[in-house]
Amino acid sequence: MKFCCLERMKDKINTFSSFGDTGNGGITRLSLSKEAIAARAEFKKRMEALGAVVVTDDLANMYATIEGDEDLPAIMSGSHLDSVVKGGNYDGVLGVLTAMEAAETIVRDHIPHRHPITVVVWTNEEGARFEPAMMSSGVICGKFDKDTMLRSEAKDIPGYTFKDALLESGFMGDIGNRMSPEKYIASIELHAEQGPVLYEENRDIGIVSGVVGMVNYEFRVKGQADHAGTTPMKYRKDALYAAAQALEYLYTELGKLDEELVYTIGKIAAYPNIHTIIPEEVRMTIDSRHKSPEVLKQVISVIENVPEKLSGCTVEAVREWDRKTVDFDKRLVSFVETSADKLGYSSKRMYSGAGHDSQYICELVPTAMIFVPSDKGHSHCELEYTPLENCLKGANVLLNTILEIDRISN
Ligand SMILES: [Zn+2]
């Protein structure tokens, strides 16, 4: 087994935590912002110092490649450097830093490897500045139309588009540099879990089998707007009250399904939303996720069985979009597990509840992911934290997984 260096890992985390530092333990490093550009420049500088050739593609995805001993396709690892507003120092960036550390260990310890090793940075994973999330890996993998994406407008600067940001960044490169199945034989992404399971169960490593499927609906509840003072309760058609009844129904019925099912009514709006007017309309969303398509079918049936009439109002459930469960490459997943076992780390097989670039990449290149624990499960906030020792364990699993792929694959 080979081992990464604790001091170097610490230095990487500390250095990258300074790009967009909020002063409260977190970062705001929106995609292609000046803070993100500074992080990219540091990445490029460090990888070139290791002897890597760094190129970017037309979406400013960065590929830093260290040559292998043979003329073979590369093994790829990395994640994203952008964050949400007031995000943490681990989501995404840790996947880049551990891949850098694995590459650095291979170079400095002169570990022989037949395949080139590419450390990758995906542009705009969060979608926090330019929607949608996982934009650039999504374009490459045929999920999104590039021209539509180029027109995506920044949330922080009106009229400023993703295309403007790309041009200004200095990191827009050639379309020919895009990831493709001929160039890469495997992709391994390390990421913070962003949930409490590993932390609560005191495990070192999550062996990620895939990304859970999801269903998304919008409820449209329609009533009648009337005067809040003059309309007796029995004559009202209060859309907010009907929405509350629908919500109660959903929580009760979904609560009877599998215990791993998660469901969230995250967005709700009442109209006209005025103190003295009975709400005429309510719109609310539901997001529900589970690895089993059977369970998701049950979810759909619960949603579609919400009564169409509640308290004199009409209730309509509109299906917005779905995502099928994504399963990662079984052989690579087993390599991750074997590496964790051989290193003596406790681990658990699990599905990711969050979306990641890897869920798109796996359609072009065999892919697996490694999770490390998130302290108390916090993520997308300044409290996000993974202890240094856990980061290093993750880097060690990544390093040995890469070397195992290198040993076995052609
Ligand atoms: Zn992330």
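This is a guided tour of a predicted model, going from the whole chain to single residues.

**Before selecting anything**

Residue numbers start from 1 along each chain, following the sequence as written. Because the model is predicted, local features need pLDDT of at least 70 and side-chain atom pairs count only at pLDDT 80 or more, while totals for chains, interfaces and linings use all residues.

**Whole chain**

Show the C-alpha trace of the protein: along its principal axes it spans about 80 × 45 × 40 Å.

Switch to cartoon to see twelve helices and 15 strands. Helices (H or I, at least four residues) and strands (E, at least two) are DSSP runs, numbered from the N terminus.

Colour by burial next. Buried residues make up 48% of the 410 residues. A residue is buried if 20 or more other C-beta atoms lie within 10 Å of its own, exposed if 12 or fewer, and partly exposed in between, with C-beta atoms placed from the backbone.

Among contacts between residues at least 6 apart in sequence, 78% join residues at least 24 apart.

**Two domains**

Select 6–212 + 325–408 as domain 1 and 213–323 as domain 2. These bounds come from an automatic or database domain assignment. Taken over C-alpha atoms, the domain centres are separated by 37 Å. Across the boundary, five residues of domain 1 are in contact with seven residues of domain 2. The side of domain 1 that touches domain 2 has two nonpolar residues, three polar and no charged. Here Ala, Val, Leu, Ile, Met, Phe, Trp, Tyr, Cys and Pro count as nonpolar, Asp, Glu, Lys and Arg as charged, and the others, Gly among them, as polar.

Now select 212–309, where UniProt, in an unreviewed entry, places the feature "domain: Peptidase M20 dimerisation". UniProt positions are in the numbering used here, feature names are shortened, and annotations may be inferred rather than shown by experiment. Over residues 212–309 the chain is 29% helix and 29% strand, with its end C-alpha atoms 32 Å apart.

**Nonpolar core**

Select I370 and L398, the residues with the most contacts inside the largest nonpolar core, which has 114 residues. Such a core is a set of buried Ala, Val, Leu, Ile, Met, Phe, Trp, Tyr and Cys residues joined through C-beta atoms within 7 Å. Domain 1 and domain 2 both give residues to the core with the 114 residues, so that core lies between them. Leaving aside neighbours within four places in sequence, L398 is in contact with S77, T98, A99, A102, I188, L190 and I370.

**Loop with S17**

Go to S17, in the loop between α1 (6–16) and α2 (34–49). S17 has 18 other C-beta atoms within 10 Å and is therefore partly exposed. Beyond its neighbours within four places in sequence, S17 is in contact with I27 and N89. Draw a C-alpha distance from S17 to T28: the two are eleven residues apart in sequence and 10.0 Å apart in space.

Select the loop between β15 (367–372) and α12 (388–408), where K376 is found. K376 counts as exposed because it has 12 C-beta neighbours inside 10 Å. Its contacts, leaving aside neighbours within four places in sequence, are P196 and Y199. K376 and V84 are 292 residues apart in sequence and 19 Å apart in space, C-alpha to C-alpha.

H380 lies in the loop between β15 and α12 too. Its phi is near 55°, a positive value in a residue other than glycine. H380 counts as partly exposed, with 18 C-beta neighbours inside 10 Å.

**Further backbone stops**

Most residues other than glycine have a negative phi, and most peptide bonds are trans.

- S311 sits in the loop between β11 (309–310) and β12 (313–323); its phi is positive, about 50°, although it is not a glycine. With 19 C-beta neighbours inside 10 Å, S311 counts as partly exposed.
- E131 and P132 are joined by a cis peptide bond, omega about 0°. P132 lies in the loop between β4 (117–122) and α4 (135–140).
- Y271 and P272 are joined by a cis peptide bond, with omega about 0°. P272 lies in the loop between β9 (268–271) and β10 (281–290).

How values were computed
Two residues are in contact if their C-beta atoms, placed from the backbone, lie within 7 Å.
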